[in-house]
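Walk through this model chain by chain.

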Amino acid sequence: METIIKWWDELMSNEIWFYSLTTVAKLVLMFAVILAFVVISVWIERRVAGWIQDRPGPNRAGLPLFLLKRFGSKQQQPLKSWLQFFGVPETCWIAKLCKWLRFDREIPLLGLIQPCLDGGKLFLKQETTPDYVRRLYFIAAPMLVLGPPLVAAAVVPFSSHVDTCYGAIQMCVANLNIGPLWIFAISGLSVYGLTLAGWSSNSKFPFIGGLRATAQLISYEVAMGLAIIPLLMIFGTLNLQDIVQYQADNGWTLLPVWGEGLGIERWLLMLPLLISFVVFVTCVFAEANRTPFDMAECETDLVGGYHTEYSSMKFASFFMGEYAAMVIGSAVVVTLFLGGWSVGFGADAALAAYCDWLAVLCQFIAFLVKLLAFIFFFVWVRWTLPRFRWDQVMKLGWLVFLEVTVANIFLTAAILYFVK
Amino acid sequence: MSYIHIKRPKFSILDKIYVVELVKGLALTFKHLALSVCHKSRGRDDFNSHGIGVCMEFPETRWDERLPEYYRGAPTLVHGEDGRERCVSCQLCEFICPARAIRVVPGAVSPDSTCQKQEKAPAEFEIDMLRCIYCGMCQEVCPEQAIFLSKEYLITPTDRSQAVRNKETLYRLGGTRKGLVNKWNEHK
């Protein structure tokens, strides 16, 4: 035991080992969080779609009780056996509650098992690759779509830092000084996946879909980059961890109600920040290829868009890539505008003073909650707005957002310069 | 050829900015969402749903009592109220059936029948429920009012041979119909 502790001590005292091990741990955590959120957001999408359209959505898939042979088959109603086993009469409120929760057949868990079953179904589907495709690029395309969002997640901070006896651990995989730029650069790469998918399918609808995806992503990348310049002017840094720390100290970007430096300037800055927020969120929708901007895969004109020719897990990769892009987009919006991991109202400093690890845990949970809320917003908008027309999308990107964001930069500069 | 000028609606500045309409839309969908989550969707009583939306959740709640008068389910054969089997095996239904689901083999009228006036009665009468499209043409064409579409909609055979309904099954499902068909009475 002594030797193990000593070995561990020596290992962690080595700076390189310490850095590598903590990074790998963070990497695994971030990866798990994103993949879990991809699954959960599919479930949220389907349930919320159902609720908005006055349907229950997928609420059936659960843990079937008939697997427990001890309590009878599906036909024999396991609930009755259960109740008899514990001696509860059927008119009792417990029995009624169980019936209301549908425990008489299975444990439905709100249908949370549904995404797993969807995944299983897609996995078991027949894989067909048409003869006329460019095989190499056809296979590479889904990977190129799924990969970038996962890589871009590296710079998103999910918690503040912890000081251990071996050194401080920053709670983001890579604490780069070019945070937003990294995200834009990497998520811009996913356009290659869409374009290659469209082109290598060697069929007309995927081709048009790929072209649309290219044009749309490139157009909105411009406005997206310009939209966050006012923020960077205010924060004065590109390091996402520092940006979130600034928000924890001085109030979230869109909620500056605590911290130091509250004054007329902050309230005046709300106007350009709000404009930035609206433009940035719209661009994130366009970047993630979500309705109302899912021009690249709109069924009415393009069958399935760039993934028309794909099947089985290749299609699932596109599907997961779309949701991963949505999760990362939400994470970026939350980080830049809604305070990232910050619990808010000055609670971060108090928690950190009390216990580092507790603070980190609370902040992690706060981050996940905000992320979920924003994913819900994504879904909510999808089932509210109809799809734009292609020329409207281009007009909005080039004729409205570009001008608005440039004007916004000057407005912010003026406020920062004159109001002091 | 004349040109028709379609009058486009004039959009105000507010409409063009789109944000107000967007918020209105979001509020509307959120109202539906909230009502669904609270199990209070409007119109839930019409379908006896759990209240999460207005869906009738099938195995628990069923259409049975709510089926409209004109619902077309599985076709069946009926007895008259005098106990006579109404079908005279004219095979019109077999000829009209667009899906060719019906097969009739005509036979003699059974000697213990109360009415011996008609020449034929079906020896065999089969309807293949896998072919039937529930169009109701057989009911419409039948001169004897012998075949009716019931309101049965749960037709779940486990193999193809089970899906073919024979004469006994059809009569059992059809039951007896009120209203005399006087064609074969002694009054005529």
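Among contacts in chain A between residues at least 6 apart in sequence, 76% link residues at least 24 apart. Two residues are in contact if their C-beta atoms, placed from the backbone, lie within 7 Å. Chain A holds 16 helices and 4 strands. Helices (H or I, at least four residues) and strands (E, at least two) are DSSP runs, numbered from the N terminus. The C-alpha trace of chain A spans about 75 × 65 × 50 Å along its principal axes. Of the 420 residues in chain A, 40% are buried. A residue is buried if 20 or more other C-beta atoms lie within 10 Å of its own, exposed if 12 or fewer, and partly exposed in between; these C-beta atoms too are placed from the backbone.

The model is predicted: local features need pLDDT of at least 70, side-chain atom pairs count only at pLDDT 80 or more, and totals for chains, interfaces and linings use all residues. Residues are numbered from 1 along each chain as its sequence is written, while chains are lettered from A and ligands numbered from 1 in the order in which they are written.

Confidence comes next. pLDDT is the predictor's confidence in each residue, from 0 to 100. Chain A has a mean pLDDT of 82, and 91% of its residues reach 70 or more. Within chain A, confidence is lowest in strand β2 (residues 106-107), at a mean of 64. It is highest in helix α16 (residues 390-418) of chain A, at 88. Where pLDDT is low, the predicted coordinates should not be read in detail. For the complex, the predictor gives an ipTM of 0.76 and a pTM of 0.79.

Now look at a hairpin in chain A. It is formed by β3(A) and β4(A), with 2 residues between them. Strand β3 (residues 161-164) and strand β4 (residues 167-170) of chain A pair in the antiparallel sense over 4 bridges. Two strands pair if DSSP finds at least two bridges between them. Asp163(A) stands opposite Ala168(A) in β4(A).

Which residues of chain A have a positive phi although they are not glycines? Asn289(A) is one of them, at about 60°, and Ser312(A) is another, at about 50°. Most residues other than glycine have a negative phi. Asn289(A) lies in the loop between α11 (264-287) and α12 (299-302) of chain A. Ser312(A) is found in helix α13 (residues 312-337) of chain A. Asn289(A) is buried, because 26 other C-beta atoms lie within 10 Å. Ser312(A) has 16 other C-beta atoms within 10 Å, so Ser312(A) counts as partly exposed.

Gly305(A) sits in the loop between α12 and α13 of chain A. With 25 other C-beta atoms within 10 Å, Gly305(A) is buried. Leaving aside its neighbours within four places in sequence, Gly305(A) is in contact with Pro206(A), Gly209(A), Ala296(A), Glu297(A) and Cys298(A). Ala373(A) is 68 residues away from Gly305(A) in sequence and 29 Å away in space, C-alpha to C-alpha.

Turn to chain B. It has 6 helices and 5 strands. Along the sequence they follow the pattern α-α-β-α-β-β-α-β-α-β-α. A compact globule of 188 residues would have a radius of gyration near 16 Å, but chain B has 27 Å. This radius is taken over C-alpha atoms, and the globule rule is 2.2 Å times the number of residues to the power 0.38. The C-alpha trace of chain B spans about 85 × 55 × 40 Å along its principal axes. Buried residues make up 20% of chain B. The mean pLDDT of chain B is 84, and 95% of its residues reach 70 or more.

Three strands of chain B form an open sheet in the order β2-β3-β5, with antiparallel pairing. The edge strands are β2 (102-108) and β5 (164-165) of chain B, and each pairs on one side only. Strand β3 (residues 120-128) of chain B pairs with β5(B) over 2 bridges. Arg165(B) in β5(B) is the bridge partner of Ile127(B).

Where do the chains touch? In the interface, 14 residues of chain B are in contact with 11 residues of chain A. The side of chain B that touches chain A has 7 nonpolar, 6 polar and 1 charged residues. Here Ala, Val, Leu, Ile, Met, Phe, Trp, Tyr, Cys and Pro count as nonpolar, Asp, Glu, Lys and Arg as charged, and the others, Gly among them, as polar.
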